[in-house]
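Student: I'm new to this one and would like to talk it through. Can you show me what we're looking at?

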Amino acid sequence: LDIRAATTPDDHLLAQGLFREYVQTPGVSVCAVGFEEELARLETHYEYILLGWLDGRPAAYGAPRPLGEGIAEMKRLYVRAAVRGTGTGRAITRALIAAAKSRGYRAVRLDTLRSMRAAIALYESLGFRRIPPYSPANPPEALAMSWR
């Protein structure tokens with residue numbers, strides 16, 4: 001998997017397309033409040049966006065944003081259905097954690113739908129632990145997790 005930061009207008013258009021795919025995932029719409037506004041400001045809404053390429057094709061993306069007090073929030077992590085089970089999700093999650101650490105964050109939080117069992121198992125295998133909701137924006141259907 002080739003993982004790199006989105007830097008060009010084409011990268012950001014690709015990220016927007018992947019974001020639109022992500023929102024089509026069953027149940028995700030409860031987590032995508034303000035979707036169109038977020039999509040319009042994608043380049044500035046997040047600190048950076050990582051794109052994952054598998055065999056030269058876009059496969060995944062994720063974007064963190066600062067929560068304050070040395071904590072980043074990992075958002076919109078998405079792996080295309082065709083490449084799930086290939087280690088792509090693990091690789092991009094590790095890259096997001098590494099990027100957050102390199103930027104001085106001491107912890108990474110996320111929320112995911114309770115129905116996303118494979119994602120939860122992945123996060124737990126990487127050291128994330130379940131925590132109480134950390135934001136009023138966390139929907140009741142979501143499980144909050146923290147790394148460190």
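Tutor: Let's start with a word we'll need a lot: a residue is buried when its relative accessible area is under 20%, and exposed when that value is over 50%. Keep in mind that this is a predicted model.

Student: Okay, then why is Glu-38 called buried?

Tutor: Its relative accessible area is 4%, and the cut-off is under 20%. So Glu-38 counts as buried. You'll find Glu-38 in helix H2, which covers residues 35–40.

Student: Let me zoom out. What makes the chain as compact as a globular protein of its length?

Tutor: First, the parts: there are 5 helices and 7 strands. Starting at the N terminus, their order is β-α-α-α-β-β-β-α-β-α-β-β. The globule rule gives 15 Å for 148 residues and the radius of gyration is 14 Å, close to that, so the chain is as compact as a globular protein of that length. Along the principal axes, the C-alpha trace spans about 40 × 30 × 30 Å.

Student: How much of the chain is buried?

Tutor: Of the 148 residues, 47% count as buried. The chain exposes about 7700 Å², and carbon and sulfur atoms supply 52% of that.

Student: Which share of the contacts joins residues at least 24 apart?

Tutor: Taking contacts between residues at least 6 apart in sequence, 59% join residues at least 24 apart.

Student: And how far apart are the mean positions of the positive and negative charges?

Tutor: They are 8 Å apart, for 20 positive and 15 negative charges.

Student: Now Arg-76. Is this residue buried or exposed, and how do you know?

Tutor: Compare the value with the cut-off: Arg-76 has a relative accessible area of 6%, and buried means under 20%. So Arg-76 is buried. Arg-76 belongs to strand S4, residues 71–79. Its phi is near 55°, a positive value in a residue other than glycine.

Student: What makes the pairing of the Arg-76 and Tyr-46 side chains a polar contact?

Tutor: The distance is 3.4 Å, and the limit for a pair of N or O atoms is within 3.5 Å. The two side chains do make a polar contact.

Student: Why does Thr-88 count as buried?

Tutor: Thr-88 has 3% relative accessibility, and the cut-off is under 20%, so Thr-88 counts as buried. Thr-88 lies in helix H4, residues 88–102. Not counting residues up to four places away in sequence, Thr-88 touches Leu-1, Leu-54, Ala-59, Ala-60, Val-79 and Val-83. There is also a side-chain polar contact between Thr-88 and Thr-86, at 2.7 Å. Arg-106 is 18 residues from Thr-88 along the chain, and their C-alpha atoms are separated by 24 Å.

Student: Last one: is Arg-148 buried or exposed, and how do you know?

Tutor: Its relative accessibility is 60%, and exposed means over 50%. Therefore Arg-148 counts as exposed. Arg-148 sits in the segment after strand S7 (142–147). Its phi is near 80°, a positive value in a residue other than glycine.

Student: What is Arg-148 in contact with?

Tutor: Leaving aside neighbours within four places in sequence, Arg-148 is in contact with Arg-106, Ala-107 and Arg-129. Ala-81 is 67 residues from Arg-148 in sequence and 29 Å away in space, C-alpha to C-alpha.

Note on methods: Residues are numbered from 1 along each chain as its sequence is written. This is a predicted model: local features need pLDDT of at least 70, side-chain atom pairs count only at pLDDT 80 or more; totals for chains, interfaces and linings use all residues. Side-chain values use heavy atoms; hydrogens and water are left out. Helices (H or I, at least four residues) and strands (E, at least two) are DSSP runs, numbered from the N terminus. The radius of gyration is taken over C-alpha atoms; the globule rule is 2.2 Å times the number of residues to the power 0.38. Buried means under 20% relative accessible area, exposed over 50%, partly exposed in between (1.4 Å probe, protein chains only). Contact means heavy atoms within 4.5 Å. Accessible areas come from the Shrake-Rupley method with a 1.4 Å probe; for residues, only the protein chains shown count as cover. Lys and Arg count as positive and Asp and Glu as negative; His and the chain ends are not counted. The place of a charge is taken as NZ of Lys, CZ of Arg, CG of Asp or CD of Glu. A polar contact is a pair of N or O atoms within 3.5 Å; within protein, one must be able to donate a hydrogen and the other to accept it, and residues adjacent in sequence count only if both atoms are side-chain atoms.
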